[in-house]
Amino acid sequence: MRHVYRVSKIARRASSVLGVVAGLFPHAVSLEAQTKPAVRQFHADSFYIREWIRGGAKEPDLFVEPREIAVTRNAVIVLDAGTREVHALDLRDGSKRFLLKASGEGPGEFKRPTHIATTTLLVGVLDQATSRITVYSDSGRFLWTTHVPDGPSVEAMCLLPRGLLRVKYVGAMSALATIDSTGRMLSRSSLPVTSELQKAPTFANSAFLADGCADGVMTLAPSFGRSWYRVALNGATRRFAYVEGGRDAVITRKKRTVDRTRAETSDQLTQTTDVSAITRGAMQRGDTILIEAGATQRLPYELVDYYGARNGAYLYSRHLPFTPSALAITSDGRLIAAFIGHETSSVVQLSTTTLSPREIAKQKPRK
């Protein structure tokens, strides 16, 4: 069961507020016909072996809570929410390249990093405390800072050429935005879902944004439902089917008053559902979209499904060796995965193999 708690201060005379909110709902978005889903099939090299590992028992103090991973041409970028640090590891062997620590609000600094995004040569760090993104080279050199409107509400982001930024905000209404290098909002639109589903936007329609928005096209993988989407810079939207579709979240709402004063009332709204999320993340490599499966009929949470970016066709699936807290893919198809343990956490680079799990277990672990 999943939960969302929202505490809001509601004026006693709320009729005028409701009129303003009603005007924010978007016009309907026309969608292409949905491709018929296929039966999940596994690629020949469906399993993974370890190339290198950082953290874990040998380095228990290196990572505490690695929550996001992104890659550049030379480095693996890891956001550790537990220490508020951004690690850069060498893509070849996992050795340390540089470390960015929470230090303040000055140029090149951040206080509370919540998201990262990369290009081939750039690393962007979103700071929730200052509502801005700070961009570095993949060697750790500070380049520039851009204000991000409503930064604490950002769920995911993509760096584009010329300093542009594609952002996915919490919820469904006005959730997609394009921001220029000065922090100016160039466009803002809503997720392509029905107005009925927008009644619980902060919960039911949360969607994952694939890293690397090629040509400015944003790949969105909603947590619930049967479809994923490709949204262009001009707002044109294409819808495709998950190979194993899910169900839309059925929301149960409960509200209780937590505080009363003479001027206003504070209520707590609880939203719950028993519907399991069908996806846990999305990635892009070239013209291939990878969607990390959520609740499935077999091997829950340990599958990655591959789709063609151009036509949305399902290609094949692969097995994951464990349930990662974060996942990214390199240009040559290797996976970088994070694992959060009770005592130690680690970051691992994995490559595919035609060996069976039994054959993999017999091999001597790589360093």
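**Cavities, pocket and disulfide of the predicted model**

About 30 Å³ of space lies in the second largest cavity. A cavity is a set of points, on a 1 Å grid over the protein atoms alone, where a 1.4 Å probe fits but cannot get out. Volume is the space filled by probe spheres set on the points, which are joined across faces, edges and corners. The lining of this second largest cavity consists of Ile-133, Val-135, Trp-144, Thr-146, Leu-159, Gly-163 and Leu-165. Lining residues have an atom within 4 Å of a point. β9 (132-137) and β10 (142-147) each give two or more residues to this lining. Five of its residues are nonpolar, two are polar and none is charged.

The structure is a predicted model, in which local features need pLDDT of at least 70, side-chain atom pairs count only at pLDDT 80 or more, and totals for chains, interfaces and linings use all residues. Residues are numbered from 1 along each chain as its sequence is written, and side-chain values use heavy atoms, with hydrogens and water left out.

Two cavities of 30 Å³ or more were counted. The largest share, three residues, is from β22. Seven lining residues of the largest cavity are nonpolar, two polar and four charged.

A pocket is an open set of points with protein on both sides within 12 Å along at least five of seven lines. Of its 50 lining residues, Ile-69, Leu-209, Ala-210, Asp-211 and Ala-282 are the closest to the centre. β21 (279-285) is one of the strands that supply at least two lining residues. Its six residues form the largest share of the pocket lining. By class, the pocket lining has 26 nonpolar, 15 polar and nine charged residues.

One disulfide (cysteine sulfur atoms within 2.5 Å) was found. It joins Cys-158 and Cys-213, with the sulfur atoms 2.4 Å apart. The link is right-handed, with 75° about the S-S bond. Cys-158 lies in strand β11 (residues 154-159), and Cys-213 in the loop between β15 (207-209) and β16 (218-222), 55 residues apart. Both cysteines are buried, that is, under 20% relative accessible area with a 1.4 Å probe and protein chains only. Of the 367 residues of the protein, 48% count as buried.

How values were computed
Helix = DSSP H or I, 4+ residues; strand = E, 2+ residues; numbered from the N terminus. Buried < 20%, exposed > 50% of the residue type's maximum accessible area, 1.4 Å probe, protein only. Nonpolar A, V, L, I, M, F, W, Y, C, P; charged D, E, K, R; others polar.
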